[in-house]
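Good morning, colleagues. Please look at the sequence and the structure first.

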Amino acid sequence: MTRSPPLRELPPSYTPPPRTAAPQILAGSLKAPLWLRAYFQGLLFSLGCGIQRHCGKVLFLGLLAFGALALGLRMAIIETNLEQLWVEVGSRVSQELHYTKEKLGEEAAYTSQMLIQTARQEGENILTPEALGLHLQAALTASKVQVSLYGKSWDLNKICYKSGVPLIENGMIERMIEKLFPCVILTPLDCFWEGAKLQGGSAYLPGRPDIQWTNLDPEQLLEELGPFASLEGFRELLDKAQVGQAYVGRPCLHPDDLHCPPSAPNHHSRQAPNVAHELSRGCHGFSHKFMHWQEELLLGGMARDPQGQLLRAEALQSTFLLMSPRQLYEHFRGDYQTHDIGWSEEQASTVLQAWQRRFVQLAQEALPENASQQIHAFTSTTLDDILHAFSEVSAARVVGGYLLMLAYACVTMLRWDCAQSQGAVGLAGVLLVALAVASGLGLCALLGITFNAATTQVLPFLALGIGVDDVFLLAHAFTEALPGTPLQVPTVSWQERMGECLQRTGTNVVLTSINNVAAFLMAALVPIPALRAFSLQPSSAWTYGGATASALMCSAASPGHRAGALWRSSGPEPLRSHLGARRPGPDGCGASGHQGACLPERPAQRFSSLKAVLPPPATQAPRTWLHYYRNWLQGIQAAFDQDWASGRITRHSYRNGSEDGALAYKLLIQTGDAQEPLDFSQLTTRKLVDREGLIPPELFYMGLTVWVSSDPLGLAASQANFYPPPPEWLHDKYDTTGENLRIPPAQPLEFAQFPFLLRGLQKTADFVEAIEGARAACAEAGQAGVHAYPSGSPFLFWEQYLGLRRCFLLAVCILLVCTFLVCALLLLNPWTAGLIVLVLAMMTAELFGIMGFLGIKLSAIPVVILVASVGIGVEFTVHVALGFLTTQGSRNLRAARALEHTFAPVTDGAISTLLGLLMLAGSHFDFIVRYFFAALTVLTLLGLLHGLVLLPVLLSILGPPPEVIQMYKESPEVLSPPAPQGGGLRWGASPSLPQSFARVTTSMTVAIHPPPLPGAYVHPASDEPPWSPAATSSGNLSSRGPGPATG
């Protein structure tokens, strides 16, 4: 007898030599995993049989439940409030906003409308009279906007924010000032006389032409009115504000203009001004002291010479400030103009929104299309309109995407062999998935989860693309079954066929569903409400809709399989330009608590030293409301000292003194004692501000009342927003009753704020650095006894990024651990689970890197996609891993067989996902295309490459050993143990085998019908035919042998 060659791996085509005994399958090692998987798949088999046994009931009840929950979409609330979308409830920012609104009613005292001009040719210098002339044309067109609502006409002068309108006793002068007082407009045109053209107010005096800012010289006007009215106090107010000649003393941008005033510096020379020189120190409003617009507020893309002089700029910006809805409502409440329309805050908001929309429309149409410059207008209403448009569901895209998926599913499942065609199954599957997505979202609406733009723009397509994967898996379980298995025998009952199908694919479906849900639940850790809702909605939809859709798919598969043959036999028929880093934004720092009024100077200096904070001019110290207040006190003290020294103010009279001296007189005699409120002996023994710069505590709140009432321009420039607001007090220098000597003290302050400007914020890291610096400065103020916090857009929308990287790493690590546990539990093989997690981690890291190449910076939305990529990646890896695990042979052979049987469903799933994402490419919003379509498409391609290329290579090198080993009896002396009935287990010692097979034996063997494995059918160890209908009737259908998994 010839000696047997050394033992080698048995090829798949190996046929044992004809002997008296048939080949016997013996499985060894890993007994517990086999038994547990057999038990679990037995449950799936029973579930499939039960579903098919009552397929009509299951289908009816499932569709009824789907339809009922889908009606919940009528209750869906689409959230478009940016604050609600981005600020986490209960977070530090949320608490600060709540506190601010509780104290002030509104955080912002005004709303900003921006007009930005850039050259059509990138990099062109815009500091020319011609470019500023075009800017004037656009700004003038925008400033003349009028809207008609509620039977009234609303123009800029009625609704604009006016800073510090003074209170004047003379009624005629007060009405004239109210009409003339300019709107706050931050514009580079304020450096020139033409800036007056944007102010629409006018007044009439007998014997004079209409008074407008283009022809108003305040100094000359006061001199003309002096003989007719006592305007000494108003004159002092204008002098302290350094109004001077206002606009008529500034150079004309176009000196040839017929209306250019003779007082303009270049009126007689007729020379155009040097625009860069005029703008190099910024511009001023009508008040040089309180209205200084720094260069960074007006220009973008600036370039300077080595000495710091402005040479060129690439953008101009004008900002129109409007009243907030609450302010506009309060301003016109009780006014004769609104008494007949039931004036309300909602109507005020409607007026502002209508004006802003018209502002944007006319500003963008102001310049001709062939102009060398282009105008971009932006308002707060524009942002709301963008969010509303962004949140609208595109019915055409949704219908087109689902029709495309229906066509793909039908075409890919059609077969020339009518018995193998699954076209109708594909149609039914896609429709069920669509209904499942709708019902899942309806369930979210019933649970109170609000919808947002990501829900309406992305989720329908993402959920469809991922949900259809299981449809292809179930279909391939029918079409790709091995010849001779129960799925290919027409006499097998549909109940058993459904049980077999669910048994083969159930583990895969459960694994992918659990990991997808877990991934999106982990993504909900991102502390942003909009993205948390976006993460919870697919989780809810897949938790409920995925399981139900799979059950309905099984219940509908029987008629669908037959319908597929009939189908085939009939034959198929043929946002905004901006100034970028140099455009700062206004923000505020609030101080809460009773110590809020005593905010020390050091925190203000600390803020000014921050890198991102725009410093004040070199000649100006940091300005907070305390600086303005203290300087005002020092000013009236100086006036009092001068009047006292000259004898105009005495111990018993102040009427001959100046207005400021009289105010100081009244403050100096205050004691703060309710029993004896006045003490005239203090006139010469105390100062309003001592040598150390401190205000006496007993005078602080009384002085605050006087300052708020007497220095409106300084108060407005400080943007203090006191709460509680100090009482109104009107100074009457000629009061003879003595009542005007009593000054009511302001209540202890609970809230005050000072403004600061941020610049150079381009990247997320810039925002994070600025926020951390501001928070550190506030912490230092807290140590000094003042509870302070920053507020403004950067702190509102970028606060969540402080811990974003930590949140991202935590979510990914937790998710990878959960994925490992789930895979290890269901696959019962930690080795395989570890390889899956390794591949998923590599996918996430590679996606992170590719996002960087695509210019997608790490922000909240990419973090959600990166976290979700772990769950989505399971769709591409678990099928191959499970097929490898349940196949016999060497690692190379098992990897090849697993890839052979899973290539089609994995590829179909990837293509279906890409088809779902394809609809995102048609979005009108570049944000959706870049952050969702591009990132998710890259993720799908990475998943396909890793699942079909990298993972099989890793498994062929590092894969776990087979769970079952096939051996053949070479000697008739080896007794074949009887096959257990019903797939039972029988454990025993290893029988003796010839030496040539000694290397494949183990210390313990299992002589059983191996447990049912996905996609495999194993011949029983007997001399009978491999399978027959008779065997089915004997209850031995569940007998399986090791083979590659389909799914």
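**Disulfides of the predicted model**

The link of Cys160 and Cys183 is left-handed, with -70 degrees about the S-S bond. This is a predicted model, in which local features need pLDDT of at least 70 and side-chain atom pairs count only at pLDDT 80 or more, while totals for chains, interfaces and linings use all residues. Residues are numbered from 1 along each chain as its sequence is written, and side-chain values use heavy atoms, with hydrogens and water left out.

The sulfur atoms of Cys160 and Cys183 are 1.9 Å apart and form a disulfide, a term that denotes a pair of cysteine sulfur atoms within 2.5 Å. By this rule the count comes to 3 disulfides.

Cys191 is joined to Cys283 by a disulfide, S to S 1.7 Å. That link is left-handed as well, with -105 degrees about the S-S bond.

Cys252 and Cys260 are also joined, at 2.0 Å from S to S. Here the torsion about the S-S bond is about 100 degrees, so the disulfide of Cys252 and Cys260 is right-handed.

How are the disulfides of the protein arranged, with bonded cysteines counted along the chain? They follow the pattern 1-2, 3-6, 4-5.

I turn now to burial. Cys160 and Cys183 are buried, where buried means under 20% relative accessible area, exposed over 50%, and partly exposed in between (1.4 Å probe, protein chains only). Cys191 and Cys283 are both buried. Cys252 has a relative accessible area of 0% and is buried; Cys260, at 3%, counts as buried. Cys818, by contrast, counts as partly exposed at 31% relative accessibility.
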